[in-house]
Amino acid sequence: MSMKGRLLSAALTAGAALAIGYGMKKLGEKAQEPLAAPQDDAQADILGTADSKIRLKMGDKSDWSYTMRSKGIVKEKENTVAGKEQHFDFVPLKDGVTQLEFDYKPQQAAGAKTITYNIEVKGGKIIRCDAAGDLEMIAK
């Protein structure tokens, strides 16, 4: 083999060794990087949060009361009266679904109303708070 051939062979061998060494170094650095925490399935499904503030209309000398079906999912944070409205706000405690049944009993028995709210907590956030029943009593 000629001198030119030997030099070319040596250069190719050295270049390949350098390339392999560089690749191994980068691979070692990559192995040292912390892995990204896997995304929790509960968090992956949450697209947003729901407003847990419930505002209900009321008349003179009457107010709303409620019963909770599954206790421990949410708890009452606020229950105040402002003008002719009663305001409720709930905070999440643990994941699950609960139902709040609000009953309005005015002084005359003919005006009784019921509104049922379904509240779902997922990933520590209220993701659903929807109502059914006498919806005309919801203050907007």
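This is a predicted model: local features need pLDDT of at least 70, side-chain atom pairs count only at pLDDT 80 or more; totals for chains, interfaces and linings use all residues.
Visitor: How do I read a sheet, and in what order do its strands stand?

Guide: Start with pairing: two strands pair if DSSP finds at least two bridges between them. Here four strands form an open sheet, in the order β2-β5-β6-β7, with antiparallel pairing. At the edges are β2 (64–68) and β7 (125–133), each pairing on one side only.

Visitor: Let's zoom in. Over how many bridges do β6 and β7 pair?

Guide: Strand β6 (residues 113–122) pairs with β7 in the antiparallel sense over eight bridges. K122 stands opposite K125 in β7.

Visitor: Now the rings, please. How many aromatic pairs are found in the whole structure?

Guide: Rings of Phe, Tyr and Trp (its six-membered ring) pair if their centres lie within 6.5 Å; planes under 30 degrees apart count as stacked, over 60 as edge-to-face and the rest as tilted. A search of the whole structure finds six aromatic pairs. Take Y66 and F102: their ring centres are 5.3 Å apart and their planes stand at 45 degrees, so this pair is tilted. Y66 belongs to strand β2 and F102 to strand β5 (residues 96–104), so the pair ties together parts that are 36 residues apart in sequence. Both rings also belong to one aromatic cluster, formed by Y66, F88, F90, F102 and Y117.

Visitor: Are Y66 and F102 buried or exposed?

Guide: Buried means under 20% relative accessible area, exposed over 50%, and partly exposed in between (1.4 Å probe, protein chains only). Y66 has a relative accessible area of 24%, so Y66 is partly exposed. F102 has 0%, so F102 is buried. Of the 140 residues of the chain, 23% count as buried.

Visitor: And which share of the contacts comes from residues 24 or more positions apart?

Guide: A contact means heavy atoms within 4.5 Å. Among contacts in the chain with a separation of 6 or more, 55% are between residues 24 or more positions apart.

Key. Residues are numbered from 1 along each chain as its sequence is written. Side-chain values use heavy atoms; hydrogens and water are left out. Helices (H or I, at least four residues) and strands (E, at least two) are DSSP runs, numbered from the N terminus.
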